[in-house]
Structures are given as structure tokens and as C-alpha cells.
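Here's a quick briefing for anyone meeting this structure for the first time. Have a look at the model, then read on.

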Amino acid sequence: MFIQKIQAGDGTTTGLCSEDHAIVMLRRAVDRRFPLEATRTGGLVITRDVWSTGSSTPSRRTVSLEPAKPLGVMTPTMRQDLEAIADSDRAYRVDKAEMPFRDRVGRIMLGFYSVPPAAARRLVERGMVVLGLPYEDTSHGRLKEIRTPVRVVLAARLAMLAADHRTSTGEPRGYVYPADIGMSGTVGLCKPGRRSGRVYDGSSVASCTCGWSQWTEDREVARRVAREHRREMASAALKRLT
Ligand SMILES: [Zn+2]
């Protein structure tokens, strides 16, 4: 569950938004290429310009979602477990098992990887994962087991996404000697736009904590490509949402 704030014009309305509705909104925002930001607290901000008839300027509409129950600190171990659960399409917790597999009870199973009972309980208590409906299956071909599907909540996915993709843009170097940016160094000492033989280098690099980077002609473009990178990453992460 999220607390939703919609800011449009001068007014702000606050309400609650379910996980399912938040996923629908997020999908629509990705499809329509609206600017969106995941927050490290597990929230989401979607901005869009609304053009109303008869108006020459759009009005900005911002929808922000924050988890109704704060996620709190995500330790590296939690993070690793959550990532494994998010990547698995059939993660389940063992709720009942027969001998000699009783030690599976309380564990979240993901193929060869499993989350031990104490860590699994913490993820549930902290609201980072949700449980589905229990079902009966067999372990090792013949031993009865009760299993409960486990899914990572949207807020935890958004927090991981925001932590992975923190972007920044580089300060342009300003006036530099042409040779320093690969230009011929002897041309026009006093031409307009140059200062004592130097030329203006406004180029800026957009980079991200995930390792991505891109050089652009100026900082404004760098900010735009950084935003675009975060939106693309959100879109890629969303594809894994079920
Ligand atoms: Zn990134």
C-alpha cells in the first residue's frame, strides 16, 4: 500500500493507492514515456504536463507514491535475498515438510539458492515480500510439502532500483586551450567567442552508479540523458514485475 499525493495546479490531494494500482500507473508511465523517478525509500514520482484546451502552457501534474509502511534500512544480505527472489519466477516458502526435510520449514526456496528461516521471517515482517496462497506439492518426488508463494513488493523493487541508479552530471570545463580538446591550437587568437586563444568547452558527462556514462554537448543535455537512462532502467526493471 502506498500513500499517494497528486499535485496539479495549486491543489494537492492525498489518498491511498494499492500495490496493483501502483503497478498499473507505473506501467502506463513507462509506456507513455513520462518522466519518472524511483526513490530510495521505495517511492515513485511521476511527472507529466497536461495540456488543456484553450491554454498555451501546460500545467504540471505530479503523482508521488511513498510506501504507507516505511521499508527501513535494507542490509546487503537482505538486498541479495530480495534480488534472488525478484529474479525467480517461482519462489516459495516451505510451511510444512516431512522428515528428513523438516529443516526446510520457514525457508524461502529459489532453485539452488535458499533464504534461511530467520532472514525469511525478517523480510516478511518488514513488508519487503508478500505471501500468496499456500498450496500442496511434493519434495524429492514423494514427500508432501506445503508451500507459499513469495513475491517482492513494488516498494522494495523501487528502492533497489533507486539505489542502483544514482546519476550525476559533470561540470563543463569552460574555457580551455584548443589542443586540450583535440582541436588545432594555432587558429584565431581574438575571434569572438574565444578568450586569449581559448575556446569554450561546454561538454558534460552524464554518469550513473551502475557504470553507465555518456558525453554530451552541454550540461542540460547531460541532465536529459541521465533522466532518460533512469527511465529506461525503471522500464527494464518493470518488465520483471508479475
Ligand atoms: Zn544506471
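In this predicted model, V50 sits across from S59 of β5.

- β4 and β5 are part of an open sheet of five strands, ordered β2-β1-β5-β4-β3, with antiparallel pairing.
- At the edges you'll find β2 (11-17) and β3 (36-38); each has a single partner strand, so one side of each has no neighbour in the sheet.
- Going from one strand to the next, the twist averages 15°.
- As background, strands in a sheet pair up through backbone hydrogen bonds, either parallel or antiparallel.

**A helix on the sheet**
- Helix α1 (residues 19-31) packs on this sheet and touches β1 (2-8), β2, β3, β4 and β5.
- The direction of α1 makes about 50° with that of β4.

**Where two helices meet**
- α1 also meets helix α5 (residues 219-238): their axes come within 10 Å and cross at roughly 130°.
- α1 and α5 are therefore oblique to each other, and their crossing is left-handed.
- On the α1 side, L26, R27 and V30 make the contact, meeting A234, S235 and L238 in α5.
- Sorted by class, this contact has four nonpolar residues, one polar and one charged.

**The wider layout**
- The protein chain splits into domain 1 (2-67), domain 2 (76-155) and domain 3 (165-238).
- The centres of domain 1 and domain 2, taken over C-alpha atoms, are 33 Å apart.

Note on methods: Residues are numbered from 1 along each chain as its sequence is written. This is a predicted model: local features need pLDDT of at least 70, side-chain atom pairs count only at pLDDT 80 or more; totals for chains, interfaces and linings use all residues. Domain bounds come from an automatic or database domain assignment. Two strands pair if DSSP finds at least two bridges between them. Helices (H or I, at least four residues) and strands (E, at least two) are DSSP runs, numbered from the N terminus. Axes are lines fitted to C-alpha atoms, for helices over the stretch in contact, and angles run from 0 to 180 degrees between N-to-C directions. Two residues are in contact if their C-beta atoms, placed from the backbone, lie within 7 Å. Angles under 35 degrees count as roughly parallel, over 145 as roughly antiparallel, 65 to 115 as roughly perpendicular and the rest as oblique. A crossing is left-handed if the near helix is turned anticlockwise from the far one by less than a right angle, and right-handed if clockwise. Ala, Val, Leu, Ile, Met, Phe, Trp, Tyr, Cys and Pro count as nonpolar, Asp, Glu, Lys and Arg as charged, and the others, Gly among them, as polar.
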